[in-house]
Amino acid sequence: MSGADLLRSLSDETLTRRAQRGDTAAFDVLVQRHAPAMHRFVARTMPERSDCDDIVQESLIAAWKALPNFAFRSSLRTWLFSIASRKTADVLRRRAPVVDSEAVVEAAASGPGPVEKATDRDFLDALGRELGRLPYPARAAWWLREVDGLSVAEIAAVLRTTEGSVRGHLQRTRQRLAEALGEYWP
């Protein structure tokens, strides 16, 4: 087994501890493991696709700098998502909120015929518009739960809020989407 294979076989915790001691190869493996999910999350909550790479890169740089202080109170994945969330929120604070409907389309699996595709496209466009009208914390909570499958506790850690607040965001967002998109429900 080569050194690179050995590193890839290590747990996040072991790699993180090595990276905390300055092992850049260990951090590279963590980046390879977690950057794609971070990018998907940022792309789904950030209207400007061109900003996604920059936000993820800034998040990873911030993670590298803060890694010596990472105390394992959460999983590394949750911690990285929280950094990406803060960086995304910083950019969004400077802009008007909008959701790129292309990000919504990419998140949906498709395979239906032309009529279904047109209907699905209409639904996804409407979903994108409704999500774009939500404040960032509600939109981020919805994506993290419904698409990335994070638990309420993990979402609370990512968004730096309480579990009750996350549950409230999810309930209100689901209700709002159900009301706004009711015509698409069978």
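**Close-up views**

**View 1. In helix H8, Pro-137, Ala-138, Ala-141, Trp-142, Arg-145 and Glu-146 meet His-169, Leu-170, Thr-173, Arg-174 and Leu-177 of helix H10.** Contact means heavy atoms within 4.5 Å. The model is predicted, so local features need pLDDT of at least 70 and side-chain atom pairs pLDDT 80 or more, while totals for chains, interfaces and linings use all residues. Residues are numbered from 1 along each chain as its sequence is written, and side-chain values use heavy atoms, without hydrogens or water. H10 spans residues 163-180. Helices are DSSP runs (H or I, at least four residues), numbered from the N terminus. The axes of H8 and H10 come within 9 Å and cross at roughly 90°. H8 is therefore roughly perpendicular to H10. Axes are lines fitted to C-alpha atoms over the stretch in contact, with angles from 0 to 180 degrees between N-to-C directions. Angles under 35 degrees are roughly parallel, over 145 roughly antiparallel, 65 to 115 roughly perpendicular, the rest oblique. By class, this contact has six nonpolar, two polar and three charged residues. Nonpolar means Ala, Val, Leu, Ile, Met, Phe, Trp, Tyr, Cys and Pro; charged means Asp, Glu, Lys and Arg; the others, Gly among them, are polar.

**View 2. Helix H8 (residues 136-146) also crosses helix H9 (residues 152-159).** Their axes come within 10 Å and cross at roughly 140°. That angle is why H8 counts as oblique to H9. From H8, Tyr-136, Pro-137, Ala-140, Ala-141, Leu-144 and Arg-145 make the contact. H9 brings Ile-155, Val-158 and Leu-159. Eight of the contact residues are nonpolar, none is polar and one is charged.

**View 3. Helices H3 and H4 pack at an angle of about 145°.** Their axes are 10 Å apart. H4 covers residues 49-66, and H3 covers 24-45. On the H3 side, the contact holds Thr-24, Phe-27, Val-31, Ala-35, Met-38, His-39, Val-42 and Ala-43. On the H4 side stand Arg-49, Cys-52, Asp-53, Ile-55, Val-56, Ser-59, Leu-60, Ala-63 and Trp-64. The classes here are 12 nonpolar, three polar and two charged.

**View 4. The largest pocket is lined by 13 residues.** On a 1 Å grid over the protein atoms alone, a pocket is an open set of points with protein on both sides within 12 Å along at least five of seven lines; a cavity is a set where a 1.4 Å probe fits but cannot get out; lining residues have an atom within 4 Å of a point. The pocket's volume is about 240 Å³. Volume is the space filled by probe spheres set on the points, which are joined across faces, edges and corners. Phe-70, Arg-73, Ser-74, Trp-79 and Arg-160 lie nearest the pocket's centre. Helix H5 (residues 76-93) gives the most to the lining, with four residues. The lining has six nonpolar, four polar and three charged residues.

**View 5. The largest cavity is lined by Phe-27, Leu-30, Val-31, Leu-60, Leu-67, Leu-76 and Leu-80.** The cavity has a volume of about 30 Å³. The count comes to one cavity of 30 Å³ or more. H3 and H5 each supply at least two lining residues. The largest share, three residues, comes from H3. Seven lining residues are nonpolar, with no polar and no charged ones.
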